[in-house]
Amino acid sequence: QVQLVESGGGSVQTGGSLTLSCAASGLTDSVNSYCMAWFRQVPGKEREGVAIIYAGSDRVYYPISGQFRFTISRDNAKNTLSLRMNNLRPEDTGMYYCAAERKSLYDCYSDFLQHELDYWGQGTQVTVSS
């Protein structure tokens, strides 16, 4: 059974930085064989994707919400996914979720846009104060 456990959330002031981590277990292979992504959600709003890294490569994609300030990466040896967030703004506040699935780049990208990856963590809260 695939399990994703996020950590690293917290409270920071505007302009601060945080690094989120996601520990994966129960995978049939290393995280390198999975496309993995970060999403965030604010109560009352739709979940949005902020970054994705595709399986078998370092190819990444950032929607506007994550461009230039967020960096997604993974450690194949440790089976972890990270999200480095710089220059945080109050609008970055939300619950951040790690997600993964083992699909082709095209299918994963499509699922990312629809917020429908197969496996999800429980989330870690990020709060940015002004």
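**Figure 1. Salt bridges in the predicted model.** The structure, a predicted model, holds seven salt bridges. Side chains of opposite charge can pair when their charged atoms come close. One of these contacts joins the side chains of arginine 40 and aspartate 92, with 2.8 Å from N to O. Arginine 40 belongs to strand 4 (residues 35-41), while aspartate 92 sits in the loop between strand 8 (80-85) and strand 9 (94-101), so the contact ties together parts that are 52 residues apart in sequence. Arginine 40 and aspartate 92 are both buried. A network of salt bridges links Arg40, Glu48, Arg69 and Asp92.

**Figure 2. Lysine 103 and its two aspartate partners.** Lysine 103 forms a salt bridge with aspartate 111, where the closest N and O atoms are 2.9 Å apart. Lysine 103 also forms a salt bridge with aspartate 118, and here the closest N and O atoms are 4.0 Å apart. The pair of lysine 103 and aspartate 118 links distant parts of the chain, 15 residues apart. Lysine 103 is in the loop between strand 9 and helix 1 (105-113), and aspartate 118 is in the loop between helix 1 and strand 10 (119-120). Are these residues buried or exposed? Lysine 103 has a relative accessible area of 33%, so it counts as partly exposed. Aspartate 118, at 44% relative accessibility, is also partly exposed. Aspartate 111 is buried because its relative accessibility is 10%, and the cut-off for buried is under 20%.

**Figure 3. The disulfide of cysteine 22 and cysteine 98.** The structure holds two disulfides. One of them joins cysteine 22 to cysteine 98, with an S to S distance of 2.1 Å. The angle about its S-S bond is -70 degrees, and the link is left-handed. Cysteine 22 lies in strand 3 (residues 18-25) and cysteine 98 in strand 9, so that distant parts of the chain, 76 residues apart, are linked. Cysteine 22 is buried, with a relative accessible area of 1%. Cysteine 98 is buried as well, at 0% relative accessibility.

**Figure 4. The disulfide of cysteine 35 and cysteine 108.** The sulfur atoms of cysteine 35 and cysteine 108 are 1.7 Å apart and form a disulfide. This link is right-handed, with 90 degrees about the S-S bond. How are the bonded cysteines of the chain paired, when numbered in sequence order? The pairing is 1-3, 2-4.

**Figure 5. Strand 4 and the strands paired with it.** Strand 4 is mostly covered, as six of its seven residues are buried. Strand 4 and strand 9 run antiparallel and are joined by seven bridges. Tryptophan 38 has alanine 51 in strand 5 as its bridge partner. In a regular strand the side chains alternate between the two faces of the sheet.

**Figure 6. The hairpin of strand 4 and strand 5.** Strand 4 and strand 5 make a hairpin, and six residues lie between them. Glycine 44, in the turn, has a positive phi of about 90 degrees.

Key:
Residues are numbered from 1 along each chain as its sequence is written. This is a predicted model: local features need pLDDT of at least 70, side-chain atom pairs count only at pLDDT 80 or more; totals for chains, interfaces and linings use all residues. Side-chain values use heavy atoms; hydrogens and water are left out. Helices (H or I, at least four residues) and strands (E, at least two) are DSSP runs, numbered from the N terminus. Buried means under 20% relative accessible area, exposed over 50%, partly exposed in between (1.4 Å probe, protein chains only). A disulfide is a pair of cysteine sulfur atoms within 2.5 Å. Two strands pair if DSSP finds at least two bridges between them.
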